[in-house]
Amino acid sequence: MRQTDTIAEVKGAVKSFAAPEGGKVRALDGISLEILHGQFVTLLGPSGCGKTTLLRTISGFEELDAGEVRIAGVKMTNVPPHRRPVNTVFQNYALFPHLSVDDNVGYGLDVSGVARNERDRRVNEALDRVGLSGFGLRKPDQLSGGQRQRVALARAIINRPKLLLLDEPLSALDRNLRQTMQLELKSLQNDLGICFLFVTHDQEEALTMSDLVVILNKGQIEQTGTPEELYHQPATPFVAEFVGDGSLFTGRIENTSDRPVLKTNDGLCLPLGRDARVGETATLLLRPEHLRLAPDQNDESLGILEATLEQSVFHGAIRNYICRLSNGALLTVALDASDTAYKRITTGDQLRLAYPRNLPYLIKQSGNGT
Amino acid sequence: MALNSRTRSLLLLLSPASIFLGIFFLGPLIIMVIFSFLEPGLYGGVEWNFYHWNYGRILGWADGEWEEFDPVYAAIFLRSVRIAFINVIVTLLICYPTALWVNGLPSRWRTLVVFIITLPFFVSLVVRLFCWVLILRPSGFMNSILLGLGIISEPIDIIFTETAVLIGMAYVLLPFMFLPIYASVEKLDHSLVEASSDLGGGPIQTFFRITLPLTLPGVAAGAILVFIPSLGNFIVPDLLGGAKVLMIGNLVEQQFLSARNWPFGSALSVTIMLVMLTLIILYLRRLKRMEINQ
Amino acid sequence: MKRSWFRHLLSLHGILFLIFVYAPITVVVVYSFNSHPVNMMIWKEFTFDWYWSIFGFPTELNEQTLYVESTDQLLASVKNSFIVAFSTTTFATVVGTSTALALYRYQFRMQSFYRGLLYMPMVMPDIVLGIALLVFFVTFGIKLGLMSIIVGHCTFLVSYVFIVVTARLAGMDQSLEQASADLGATPWTTFRRITLPQIMPGVIGGALLAFIISMDDLVITYFIAGVDSTTLPVFIYGMLRRGVKPEINAIATLMLVFSFVIASLGLYLRSRK
């Protein structure tokens with residue numbers, strides 16, 4: 001049955017706010033979304049795209065102007081936050097400063113009047129699960145950032161919500177801790193088997209953890225897909241730019257010596273694969289790893305670009321070469337830093353760059369992008 | 001003398017306040033304490049002899065010859081404490097919901113409403129109390145209205161009752177309760193309220209478990225700021241309480257301006273000061289504990 | 001929203017609160033224009049006569065009712081109030097500001113003592129400070145008069161200025177002063193060109209607060225004013241003790257307007273940053 005598989009559903013959500021300078025801003029502009037049982041879903045987008053607003057309409061802190069939210073099949077319109085079967089991990093954790101870790105975690109049970117024994121058992125279990133056994137008597141300000149994060153998590157899962165909402169919970173942590181927590185969150189979600197709806201503006205975070213990523217822009221969904229789909233087959237130029245690195249070239253597809261090429265307005269000519277449809281306007285996405293130095297002999301399967309090296313940046317395993325094309329656009333090429341063959345290249349060199357004609361992804365202009 | 005420039009500018013900045021407050025603030029307080037242990041002269045003035053009966057008259061010992069222990073002083077003192085305490089409760093009940101209301105307003109309204117609320121309190125105390133004299137006296141505004149509406153058939157006496165004193169006192173001291181409470185309500189992180197609600201706490205549970213405990217420092221500060229001036233007040237009971245509702249402040253005033261027993265008046269005043277200091281010390285220690293706890 | 005009944009209840013409370021605060025004032029203002037000479041609560045007709053009579057101009061009511069207090073005394077008390085308020089404001093602002101700067105800028109051992117010393121006058125009940133000053137002045141044979149009032153007001157107004165300026169200093173970005181020093185400015189230049197402009201709103205705010213409190217102070221002035229140096233609040237208090245007269249409405253209204261103007265000015269200056 002479909003109903004049992006769908007944990008949460010948003011249909012045609014519209015929400016406007018009064019803008020500070022007068023008028024109205026549409027934070028959500030007709031969003032529909034479905035979260036299936038056991039999924040880790042991420043809402044990804046730049047700040048102001050509406051992702052936090054969407055989360056807050058699900059948790060009940062904002063009411064929709066139009067559309068509806070359903071959780072486990074039940075319509076949530078006019079249901080206040082404290083009656084919704086979802087829990088939230090807040091961005092700043094929102095730990096109660098006057099309560100101990102124990103009482104913070106047990107809060108959800110205390111307000112619903114769970115018996116003392118049962119409550120203590122579940123609090124210990126939750127603390128255990130996030131690796132904080134023995135911290136129960138401390139106050140939140142006696143904990144490190146990572147520990148607070150775990151308390152917030154334990155507090156939010158203790159009510160066994162159908163859906164756990166996480167509002168940029170890792171943004172306050174430093175890089176190393178953030179990466180550790182990403183893995184922990186993912187395995188916690190696997191263990192618990194509850195849905196996570198995770199909000200972030202960090203694409204790396206989204207790609208690492210999610211089963212499904214929803215990319216939002218200006219209150220609308222740009223694309224919904226697995227991390228692989230988003231990276232390799234972005235639906236719109238916005239998604240292509242937002243997820244991963246790379247350069248975009250927009251132009252018309254034409255035939256030159258029997259092979260399709262993309263001609264941009266500023267005179268660049270990029271060879272394409274056979275399946276490109278002549279006559280259409282499209283955008284080509286070249287990721288750094290698509291490009292290599294061109295071999296000396298001619299190869300029909302490669303597209304060649306002439307460029308001048310402006311700068312090279314060391315990144316450990318790889319080195320990024322930032323090159324300027326004849327039209328003035330910048331292009332990044334990622335090459336193996338350990339390969340001594342590239343040592344000779346210095347700033348100002350003319351480079352011939354090559355990419356497999358079939359590899360780059362072509363975004364059709366007729367898509368739902370702008 | 002070789003003072004470095006840091007020490008020199010520090011001395012320069014600090015000496016005016018040190019000298020002035022040393023002489024004209026600490027000095028008078030010390031003299032007052034000394035006076036409270038001196039013997040009152042027969043026709044006003046003082047004899048420079050050590051004399052503890054001033055306190056005896058208030059607290060319950062007497063030499064049985066000149067000074068009589070009169071429980072009326074203790075009774076007035078207790079009445080003052082009671083009125084001050086009731087006033088704290090009344091202003092708290094009035095101000096806390098108001099602070100919540102203001103805090104819930106759209107942000108561009110908030111500053112304006114706080115200003116409107118505090119504006120009348122820049123007006124002279126006498127003027128504000130005069131307003132209530134006008135309203136509460138037998139031929140006053142309230143009786144005129146009640147008589148006109150036929151609710152009462154003859155003027156009721158409100159002025160010169162404890163109720164009148166309490167109304168005036170609350171009116172005069174409202175901002176001292178409102179501002180600290182509002183400051184702590186405004187400072188309260190709204191995501192904590194949302195977190196409580198998210199975890200299943202209803203509005204009432206959220207209020208008593210989260211909002212109230214976290215704004216308690218503001219309530220405590222407000223309580224202190226209202227209690228202290230209520231306790232020593234003599235203008236409000238004088239204008240609205242008359243001779244029937246004497247408070248310790250009136251007693252002090254009488255000792256200085258009509259009875260001319262300055263040592264006894266000083267002793268009464270020192271008593272007020274001691275109550276104040278005790279409260280402040282308790283408050284500060286409590287505050288420190290709360291800071292450690294949070 | 002589900003919580004709306006709660007919000008509505010709060011709004012109702014808030015509006016009642018505002019009524020409680022403003023209704024008494026309104027009554028006084030309205031009845032200051034009532035020409036009924038005997039019972040001022042019975043509305044007769046609109047008149048400016050009470051305002052004329054407090055300034056000693058002859059009016060119809062004046063002749064009929066013989067309610068007039070001595071206008072000379074009233075005007076003298078107004079003059080005293082202004083002299084006191086201006087002197088105390090000047091002194092308290094300079095001393096309060098310099099103390100705030102000292103405690104903000106330098107770390108020294110007596111700091112918490114000074115903080116305590118400056119908070120104390122604010123929490124000291126008026127009556128205690130008032131009689132302490134009275135006992136002090138009389139013991140040392142200092143004549144009660146304008147000078148004793150000015151000194152008395154300064155003992156607690158220094159603290160008010162101190163608090164306001166300290167709050168402003170706490171919000172100041174300390175790196176600005178460091179940047180100025182780094183660019184080669186002497187401490188005095190840094191103070192004049194960076195620090196002072198930064199804290200100016202606080203200084204002005206503190207001065208206005210001191211001015212208003214000095215103008216309004218009743219209790220302390222009541223004890224330490226000499227016979228011929230009453231201020232306006234003490235004068236009105238004396239009038240009130242002798243009985244309620246209609247021209248007090250007019251005086252009270254004028255004082256209300258004056259306080260409102262000063263307070264609004266303070267808010268305006270503060271909001272301008």
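Leaving aside neighbours within four places in sequence, C:F162 touches C:G96, C:T99, C:A100 and C:L118 in this predicted model; two residues are in contact here if their C-beta atoms, placed from the backbone, lie within 7 Å. C:F162 itself sits in helix α7 of chain C, residues 146-170. Helices are DSSP runs (H or I, at least four residues), numbered from the N terminus. With 28 other C-beta atoms within 10 Å, C:F162 counts as buried, a label that takes 20 or more such atoms within 10 Å of the residue's own C-beta, again placed from the backbone. C:T47 is another story: 115 residues from C:F162 in sequence, and 45 Å from it in space, C-alpha to C-alpha.

Now for the domains, whose bounds come from an automatic or database domain assignment. Chain C gets domain 1 (4-65) and domain 2 (71-242), and their centres, taken over C-alpha atoms, lie 33 Å apart.

Chain A is split into domain 1 (2-241) and domain 2 (245-364), with 39 Å between the centres, again over C-alpha atoms. Seven residues from domain 1 of chain A and six residues from domain 2 of chain A make up the contact.

Residues are numbered from 1 along each chain as its sequence is written, and chains are lettered from A and ligands numbered from 1 in the order in which they are written. As the model is predicted, local features need pLDDT of at least 70 and side-chain atom pairs count only at pLDDT 80 or more, while totals for chains, interfaces and linings use all residues.

Key:
Helix = DSSP H or I, 4+ residues; strand = E, 2+ residues; numbered from the N terminus. Buried ≥ 20, exposed ≤ 12 C-beta atoms within 10 Å, placed from the backbone.
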